[in-house]
Structure formats: C-alpha cells, structure tokens
Amino acid sequence: MKLVLLGPPGAGKGTQANVLCKEYNVAHFSTGDLLREAIKNNSSVGMEAKVYMDKGELVPDEIVAKMITEKLKNSDTDSGFMLDGFPRTKKQAEILDQALAELNILLDMVLYFETNEETILKRLTGRRVCRGCGYNFHVTNIPPKQEGVCDFCGKELFQRDDDKETTIKRRIDVYNNQTKELIDYYQEKELLKKVSGDLDVDLLFADLKNIFAEAGLK
Ligand code: AP5
Ligand code: MG
C-alpha cells in the first residue's frame, strides 16, 4: 500500500502509522519525526527547521520536500509506504506528484483523519513522547503503566516543545490556512478516503483495516 495520511495536528496519524506499518510491513515516513531527528543531531537543516517548528509554523517546502524525495528514492518502497505529515501545502503535493511520477509510483489512497478541535487540544496537551523509542503516550487516553516512563524501553517521557497550548493553536491555524486545501486536491484526484480521527485507537485501526481489505490493499 502506498498512502498519504492527511489530517490536523493530533489527529492520530503517527499513532495509527506506527501500528499499521508493523501490521502491513510498510515503511513509515514522517516529516515531523525526520525534522526532530535532524534537530537532535544538530544538523544545519535541523537548526533551520527548529525556528519554524517552535513557533508552530511550517518549515519551508524545499527543505521537507528534499527530505521526502530522498527517502522515496533511496528506500525500498516496493512493499509500500505511508507518508505522515507530508504533503502539507499545495506546492509540496505538486512536488510529490512529480517525484512519484519519476519513480513510476502510483498512490493508492489518501486517508483524511477528520478530527474536531476539542479532540486535538486534549490529545496534544496530554501527549508524552518517549525519549528512547519515540512512542507517543497520552496522560489519560494512552497512559504508560508507570508515570513518566516508557512501557516499551523504560526511557523517560517528555512533552514536545510545540505541544504548548499557544503553539498548538498556531499549528491548528496553519493547518486550516495552508494544509486543509489538500482535501479538495486529493478529492479531485479521487484518492481521498475520509475516516474519523475522533475514534478510539483500536476502533480506528479496525476501520482502517476494513478499508484496506475492501480496496484490496496489502
Ligand atoms: P508533525 O510532527 O507532523 O506534527 P503534526 O502534524 O502537528 O501532528 P502530530 O504529530 O502533532 O499529530 P499526529 O496526528 O501524529 O497525532 P499522534 O498520533 O501523535 O509536525 C511538527 C512540525 O514539523 C510542524 O508544526 C512543522 O513545523 C514541521 N513539519 C512537519 N512536516 C512538515 C511539512 N510537510 N512541511 C512543513 N513543515 C513540516 O497523537 C497525538 C496524541 O493523541 C498522542 O498523545 C496519542 O497518544 C493520542 N492519540 C492518538 N490517537 C488517539 C486516539 N484515537 N484516541 C485517543 N488518543 C489518541
Ligand atoms: Mg505525528
């Protein structure tokens, strides 16, 4: 399966991508994760990106597009992939179309996680991320067994710098102003499939598995 996961911040794109990628053995390319990795490594791209990310603004198209096109070119994508958080502007969508055409790859589906603002705020203010394996917990929705400690690797959990309430509000505005138009973009290409991001993790996962089965995606 070759998919794009589209939706507002906190819709659960990363959470579902993590379980789906294991279930279907496909690659997970998240621009947010790649950028955070670049920041951790103190790379020049990371330092440039951090300025935008801390404000809840989008990193310039050229930077993220280069990251993703390189990943697509240099990875084994035969068994499939999920793009999480990319594209996020019309320009990025056009760059992606061109890169996929050059690689002779056709997208199967764009999953749009429709999610209400109340859910987003609750999810993002309560998100806690593992410093070791990157797993996303939530203080009430998906709490770790021991407060502040990852169930899987035992490392410390932290709050993302951009998960502060004012930055979250800015990220939602940015999504509404710059990313939402991609819903129409992919609807016109007859690739869009809407799902409810408000559902519980397991219910949404079950829905997605049914959608893939109906579409014959493996
Ligand atoms: P990015 O990391 O992509 O952040 P985002 O889009 O804002 O999305 P999130 O990761 O916050 O949400 P998610 O949908 O993955 O939700 P999650 O599964 O974690 O981008 C960060 C920044 O990088 C951007 O602001 C921008 O600056 C830059 N950037 C990235 N890509 C870019 C691009 N293409 N162009 C330009 N700039 C770019 O879930 C959230 C929480 O809810 C978790 O705590 C989770 O445990 C919980 N949860 C998840 N699902 C459920 C559920 N179903 N029920 C209950 N709780 C749930
Ligand atoms: Mg994410």
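1. Thr77 is buried, with a relative accessible area of 8%; buried stands for under 20% relative accessible area, exposed for over 50%, and partly exposed for what lies in between (1.4 Å probe, protein chains only). Thr77 sits in the loop between H4 and strand E3 (81-84). Helices (H or I, at least four residues) and strands (E, at least two) are DSSP runs, numbered from the N terminus. With neighbours within four places in sequence left aside, Thr77 is in contact with Lys2, Phe29, Leu72 and Ile105, where contact means heavy atoms within 4.5 Å. Thr77 and Thr89 are 12 residues apart along the chain, and their C-alpha atoms are separated by 23 Å.

2. On the basis of the note: this is a predicted model, in which local features need pLDDT of at least 70 and side-chain atom pairs count only at pLDDT 80 or more, while totals for chains, interfaces and linings use all residues. Residues are numbered from 1 along each chain as its sequence is written, chains are lettered from A and ligands numbered from 1 in the order in which they are written, and side-chain values use heavy atoms, with hydrogens and water left out.

3. On the overall form: the chain has nine helices and eight strands. A compact globule of 218 residues would have a radius of gyration near 17 Å, and the chain agrees with its 17 Å; this radius is taken over C-alpha atoms, and the globule rule is 2.2 Å times the number of residues to the power 0.38. Along the principal axes, the C-alpha atoms fill a box of roughly 45 × 40 × 30 Å.

4. On burial and surface: 47% of the 218 residues are buried. The accessible surface of the chain is about 11,500 Å², and carbon and sulfur atoms hold 47% of that surface. The areas come from the Shrake-Rupley method with a 1.4 Å probe; for residues, only the protein chains shown count as cover. Of the contacts between residues at least 6 apart in sequence, 73% join residues at least 24 apart.

5. On charge: the chain carries 31 positive and 36 negative charges, and their mean positions are 3 Å apart. Lys and Arg count as positive, Asp and Glu as negative, and His and the chain ends are not counted. Each charge is placed at NZ of Lys, CZ of Arg, CG of Asp or CD of Glu. Side chains of opposite charge can pair when their charged atoms come close. The structure holds 15 salt bridges, a salt bridge being a side-chain nitrogen of Lys or Arg within 4 Å of a carboxyl oxygen of Asp or Glu.

6. Another salt bridge joins Lys91 and Glu62 (3.4 Å, N to O). This pair links distant parts of the chain, with Lys91 in helix H5 (residues 90-102) and Glu62 in helix H4 (residues 61-74), 29 residues apart. Lys91 is partly exposed, with 41% relative accessibility.

7. Asp162 and Arg160 also form a salt bridge, their closest N and O atoms being 3.0 Å apart. Asp162 is buried at 10% relative accessible area, and Arg160 is buried at 11%. Both belong to a network of salt bridges that links Arg127, Arg160, Asp162, Asp163 and Arg171.

8. Lys2 is found in strand E1 (residues 2-6). Lys2 and Thr69, 67 residues apart in sequence, are 14 Å apart in space, C-alpha to C-alpha.

9. Some backbone details remain. The peptide bond from Phe86 to Pro87 is cis, with omega near 0 degrees, and Pro87 is in the loop between E3 and H5. Asn25, not a glycine, has a positive phi of about 55 degrees; Asn25 lies in the loop between helix H1 (13-24) and strand E2 (27-30) and is exposed at 58% relative accessible area. Asn104 has a positive phi near 60 degrees, lies in the loop between H5 and strand E4 (109-114), and is exposed at 74% relative accessible area.
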